[in-house]
Amino acid sequence: MNTFSFLPELNRLYDFNWRHDQIIPFGSGHIHHTYKVIDGQDTYILQRFNKDVFKNPEIISHNHELLIKYMDYLNLPFRFPLPIVNVLGFTLSAVREDFFRISPFVAGVCLEEISEPSQAYLAAKAFAELILAGNNLNVQEFKEVIPGFLDLELRFNQLLEAIDQTKIPIEGEVKTLVDFFLSREYLVGEYKTWKGKLPIRLTHNDTKINNLIFSEDLKSVKAVIDLDTIMPGYVFNDFGDLVRTVACTQGENSTDWSEINVDKSKYDSLHQAFIDVGQGIFTQEELNSLHFGGKMMTCITGFRFLSDYLNGNIYYQIKYGEQNLHRAKNQMMLLKSLEKLEL
Ligand code: GN1
Ligand code: MG
């Protein structure tokens with residue numbers, strides 16, 4: 001399907017009159033095709049779904065439609081731009097072989113990196129508040145969007161499979177990365193132990209910093225976005241991806257290897273926010289598991305980037321052929337730096 005041939009059908013499904021020239025590519029997500037649409041006074045985000053990644057998009061709409069139903073119980077202190085409902089009553093629209101959805105656009109600043117520990121605190125506070133809001137709902141009603149999405153054991157096994165089946169020679173830098181990530185099997189053991197001790201909560205599961213919208217002055221969080229992977233999970237997932245994307249001196253696409261380190265003051269701000277917000281709600285075990293979360297989410301992201309590189313870059317969008325290899329190396333540097341903290 002050429003980029004906008006879906007437009008007439010989409011207009012019918014939402015009762016819009018959008019023209020091609022109102023639709024512009026937007027954002028830096030790795031998964032869907034995202035566009036911004038300006039329609040008079042109103043602005044929207046339009047997404048063409050990546051159905052290779054989300055093989056069961058109806059599970060996402062199930063979760064989103066539940067969140068819409070329970071919105072009043074959530075009581076969130078920021079915006080939560082769930083997709084709007086089409087004329088058929090659904091949050092997801094099928095147009096021939098593709099899926100689309102439309103959400104309200106929230107104006108503000110989307111950061112790839114954070115400069116101040118105080119902003120790290122705000123980011124963690126927002127994601128922790130979202131977990132707390134989910135406490136008012138029955139987590140059992142929500143379904144797993146991608147099976148084993150953040151299951152470290154499964155992702156380790158997928159890496160083994162990728163190594164086994166790849167056409168790329170395991171030598172030089174590739175071998176260094178393969179050896180490194182295989183040697184992190186010890187984290188899989190720790191993961192299994194933590195899982196046995198922690199409650200399941202409704203978590204965001206993709207808390208990277210560019211999934212928040214800040215106010216222009218960066219003094220408040222206006223919205224939590226990228227709501228695809230909201231599903232049952234562990235508190236350490238959400239803390240961990242914040243560590244990975246906020247408490248690091250370089251973003252995940254940086255190849256400035258010697259500059260990739262943990263920023264301890266930002267790390268401490270993230271940690272403090274989870275403690276402050278979770279007080280009296282998160283169990284002591286959950287609070288104890290947070291440090292593990294940083295390592296686990298960095299490791300799992302490294303497993304996934306490296307597997308994707310070995311599989312021929314079929315999952316994440318890339319700008320050049322080695323990008324997933326480089327992203328995996330970036331995660332390796334960060335993980336080494338986190339391990340050195342001995343938290
Ligand atoms: C993807 O969609 P985006 O870019 O926010 C991925 C996350 C990874 C992240 C790495 C559904 O997130 O799990 O941590 O890339 N989302 C999915 O940058 O796989
Ligand atoms: Mg995103």
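Reader: Hello! In what order do the five strands of the open sheet stand?
Author: This is a predicted model, in which local features need pLDDT of at least 70 and side-chain atom pairs count only at pLDDT 80 or more, while totals for chains, interfaces and linings use all residues. Residues are numbered from 1 along each chain as written, chains are lettered from A and ligands numbered from 1 in written order, and side-chain values use heavy atoms, without hydrogens and water. Strands (E, at least two residues) and helices (H or I, at least four) are DSSP runs numbered from the N terminus, and two strands pair if DSSP finds at least two bridges between them. The pairing in this sheet is antiparallel, and the order is β1-β2-β3-β5-β4.

Reader: Which strands stand at the edges, and why is one side of each left without a neighbour?
Author: An edge strand here has a single partner, so one of its sides has no neighbour in the sheet. That applies to β1 (23–25) and β4 (93–95).

Reader: By what average angle are neighbouring strands of this sheet turned against each other?
Author: Axes are lines fitted to C-alpha atoms (for helices, over the stretch in contact), with angles from 0 to 180 degrees between N-to-C directions. For these neighbouring strands, direction is ignored, and the average turn is 30°.

Reader: Which strands does helix α1 touch as it packs on the sheet?
Author: Contact means heavy atoms within 4.5 Å. Helix α1 (residues 7–14) makes about 150° with the direction of β4. The strands it touches are β1, β3, β4 and β5 (98–104).

Reader: Which residue in β3 stands opposite Y35?
Author: Seven bridges join β2 (residues 33–39) to β3 (residues 42–48), and the two run antiparallel. Opposite Y35 stands L46.

Reader: How much of the accessible area of ligand 1 does the protein cover?
Author: Among the polar contacts (N or O pairs within 3.5 Å), a backbone N or O atom of H30 lies 2.9 Å from a ligand oxygen, and a polar side-chain atom of D206 lies 3.0 Å from one. Accessible areas follow the Shrake-Rupley method with a 1.4 Å probe. Of the 440 Å² that ligand 1 has on its own, the protein covers 96%.

Reader: Which residue in the turn between β7 and β8 has a positive phi?
Author: Strands β7 (residues 212–214) and β8 (residues 221–224) pair in the antiparallel sense over three bridges, with I213 opposite A223. They form a hairpin with six residues between them. The residue with a positive phi, about 60°, is L218.

Note on methods:
A polar contact is a pair of N or O atoms within 3.5 Å; within protein, one must be able to donate a hydrogen and the other to accept it, and residues adjacent in sequence count only if both atoms are side-chain atoms.
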